Each structure stands twice: as C-alpha cells, then as structure tokens.
Amino acid sequence: MENITSMTNHSGKSDFILVGIFSQSTHPILLCMVIFIVFLLALIGNIVLIFLIHSDTHLHTPMYFFISQLSLMDVMYISVTVPKMLIDQIMDMNKISVPECAMQMSLYVTLAGSEFFFLGAMAYDRYVAICHPLRYSVLMSRRVCLLLASGCWFLGSVDGFMLTSITMTFPFCRSREIHHFFCEVPAVMKLSCSDTSLYETLMYLCCVLMLLIPVTVISSSYFFILLTIHRMNSVEGQKKAFATCSSHMTVVILFYGAAVYTYMLPNTYHTPENDMVVSVFYTILTPALNPLIYSLRNRDVMGALKKILNMRSVNQENIK
C-alpha cells in the first residue's frame, strides 16, 4: 500500500492545490466581488463589441475583423481562469486535478500565444491601411485576413500543445501547492523534483522567438506609419491615424510588458506574490480594458452602438 501511495505522489496523479490570490488578501470577500464585477464587464464588453462588428456592415473591414478575433480571444482567455478561481473561493475549494490543470494550461498558453501574433497582424493591417491605402483592398483581402487569422491560431495552438505536453510529463514529487490562481507553466514547473534547467532554457528561447517575431512586425509597421503620418498634409487625417494607432499600442504595451516579465525575466526578479499580481493584470484587467480601448476611442464603433440603441428605442415606441 505504501508503494502505491509513493508511486502516486511521484507520478503526479494526485490533485494540485491552487494557493490563489485570495489567501494573500486581507479582504478576500471584497476582492472576490471586485474580480467578479471585472469578469462580467470583460464578458459583456467583448461580446457587445463582437456583436456590433458582425451586425454593422460598415464595420466589415479587416481592422474590425481582427478586433473581433481579439475580443473572442479575450472572452475565452478570461473564462479559462477566473470562473474556476471564483467558484473555488465560494465553495472553499482549491484543488485541481492533473487533467484539469493540463487543459487549463493548454488553453491559456494557446490563447496567449495566438494573441501575440494577432497583435502583430493588426499592426501590419494598420501599416497597409495608412502607408498603402490604394492597395489596401488587395493586400488585405478577405482571403489574406483569413490566412493571417488561421496562422495566428495555429501558431498559438502549437505553442500550447508543446509547452503543456512537456511540462506535464515532468514528475511532481515536491509540495502539491501551486503558488498561483491557475496552472501557469512557470508556477507548475517549480513543483518538479527533476532538473528542468534545459527545458526552462528552451522555453525561454521559444518565448523570445514568439515575442520577437510580432514585436519586429509591430516596430517596423509603426516606424513606417509614423513616417507616413509626419508627411500627411491633412490634420484630420493625422488625428485619425494617431487615434487608431495609439489604441493598438496601448494594448501592445500592456500585454507584451506582462509577458516579458512572466516569461523572460530571470527567477531572481520573481516572487509568487508579484507573479500573481502581474497575472491578474494581463489575464483579468487587460480583457476588460480592450473593449473600452477599441470602442470608447473609436467613432465607428460608438456610431454602430448608437444606431442599435436608437433602433431598439424606435421599436419599443412602435410597440407602445
């Protein structure tokens, strides 16, 4: 019987324990309510944005196609981690099985990796729209947009499958406590009792590559965009270009900044508390901020929203 128990502990078949952010808080109930409200705002904001883009024909352009894909990612992204965290707090449970942990990790890494590439694709779209407006319909045709979107999802899926399959094959014979509120790769790797230095180096190189490609595309795109804006004679055109690009750059800085901290900084810069704070920022706050950034600062989206609200008010008056 002791041998069976020992094999279970070393094979990693027993449940993990998520030591989440609520255990670090002096007011866990208040924090739970705040996170729940932010979660609802993120869901509602992104779903409304997706609905507006698909219902208004004026928004059937490559830029809004990519924004709708980003909103879809954010809905899935926040749904992978937050509901489990809130339910555990309400039910006073903090366990997660190995298959559930692997599924959560796979989905999370896939969505994060896909979003890296999507932000690069969105920067390229803005580059073509501003620097080559006459060729925009050809260079960003529906076929090209679908190929770019499929490529982003595929590369994210490869990253998720690769990192998850390797991470979960390591033996976990130390404490079963994951000092995080979800199964993030670095937090799970700390529980392994084998030498993971080679894998951590390979994971670092993989993350550098995944960040380097989109960052190169984004940097190059905005370099040429800024040159083109500087040469514009139209003040109105400059303002519109700056508004669109600044919204995208805000999202890029928020998302990539958190990713660099989590996956590229040495372990000496990391503590469980800081890791959880940064993760809250880009897994909960960023999905809630994205629809605000892309709607409140966008006249076309606000116009589509007003049109829908006006139609509903007219229909209600007709019914009365």
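**Cysteines, helix contacts and ring pairs**

Cys-32 has a relative accessible area of 12%, so this residue is buried. Buried means under 20% relative accessible area, exposed means over 50%, and partly exposed lies in between, all with a 1.4 Å probe and protein chains only. The model is predicted: local features need pLDDT of at least 70, side-chain atom pairs count only at pLDDT 80 or more, and totals for chains, interfaces and linings use all residues. Residues are numbered from 1 along each chain as its sequence is written, and side-chain values use heavy atoms, with hydrogens and water left out.

Start with the whole protein. Buried residues make up 44% of its 320 residues. There are eleven helices and three strands. Both are DSSP runs, numbered from the N terminus: a helix (H or I) has at least four residues, a strand (E) at least two. Along the sequence, the pattern reads α-β-α-α-β-α-α-α-β-α-α-α-α-α. Now take contacts, meaning heavy atoms within 4.5 Å. Of the contacts with a separation of 6 or more, 78% are between residues 24 or more positions apart.

Cys-145 has 5% relative accessibility, so Cys-145 counts as buried. How many disulfides does the structure hold? It holds one. A disulfide is a covalent bond between the sulfur atoms of two cysteines. Here the term is used for a pair of cysteine sulfur atoms within 2.5 Å. The partners are Cys-101 and Cys-183, with 2.1 Å from S to S. The angle about the S-S bond is -125°, and the link is left-handed. Cys-101 sits in helix α4, while Cys-183 sits in the loop between β3 (177-178) and α7 (185-189), so the pair ties together parts that are 82 residues apart in sequence. Are the two partners buried or exposed? Cys-101 is buried because its relative accessibility is 0%. Cys-183 is buried too, because its relative accessible area is 0%.

Stay in helix α4 and find Val-109. At 5% relative accessibility, Val-109 counts as buried. Leave out residues up to four places away in sequence, and Val-109 touches Gly-156, Asp-159, Gly-160, Leu-163 and Val-185. Val-158 is 49 residues from Val-109 along the chain, and their C-alpha atoms are separated by 9.5 Å.

Two packed helices are described by the angle between their axes and the distance between the axes. Each axis is a line fitted to C-alpha atoms, for helices over the stretch in contact, and angles run from 0 to 180 degrees between N-to-C directions. Helix α6 (residues 142-167) and α8 pack at about 170°, with axes 12 Å apart. The two helices are therefore roughly antiparallel. Angles over 145 degrees count that way, under 35 as roughly parallel, 65 to 115 as roughly perpendicular, and the rest as oblique.

Move on to helix α9, which holds Tyr-256. With a relative accessible area of 6%, Tyr-256 is buried. Not counting residues up to four places away in sequence, Tyr-256 touches Phe-116, Leu-119, Gly-120, Leu-211, Pro-214, Val-215 and Ile-218. Tyr-256 and Leu-211 are 45 residues apart in sequence, yet 7.8 Å apart in space, C-alpha to C-alpha. Val-260 also lies in α9 (residues 235-264). Val-260 counts as partly exposed because its relative accessibility is 34%. Leaving aside neighbours within four places in sequence, Val-260 is in contact with Leu-211 and Leu-265.

Finish with the rings. The structure holds eleven aromatic pairs. Rings of Phe, Tyr and Trp (its six-membered ring) pair if their centres lie within 6.5 Å; planes under 30 degrees apart count as stacked, over 60 as edge-to-face, and the rest as tilted. Tyr-127 and Phe-224 form a tilted pair, 6.0 Å centre to centre, with 55° between the planes. This pair links distant parts of the chain: Tyr-127 is in α4 (residues 98-131), Phe-224 is in α8 (residues 197-231), and they are 97 residues apart. Phe-224 has 41% relative accessibility, so Phe-224 counts as partly exposed. Elsewhere, ring pairs link Phe-65, Phe-66, Phe-118 and Trp-153 into a cluster.
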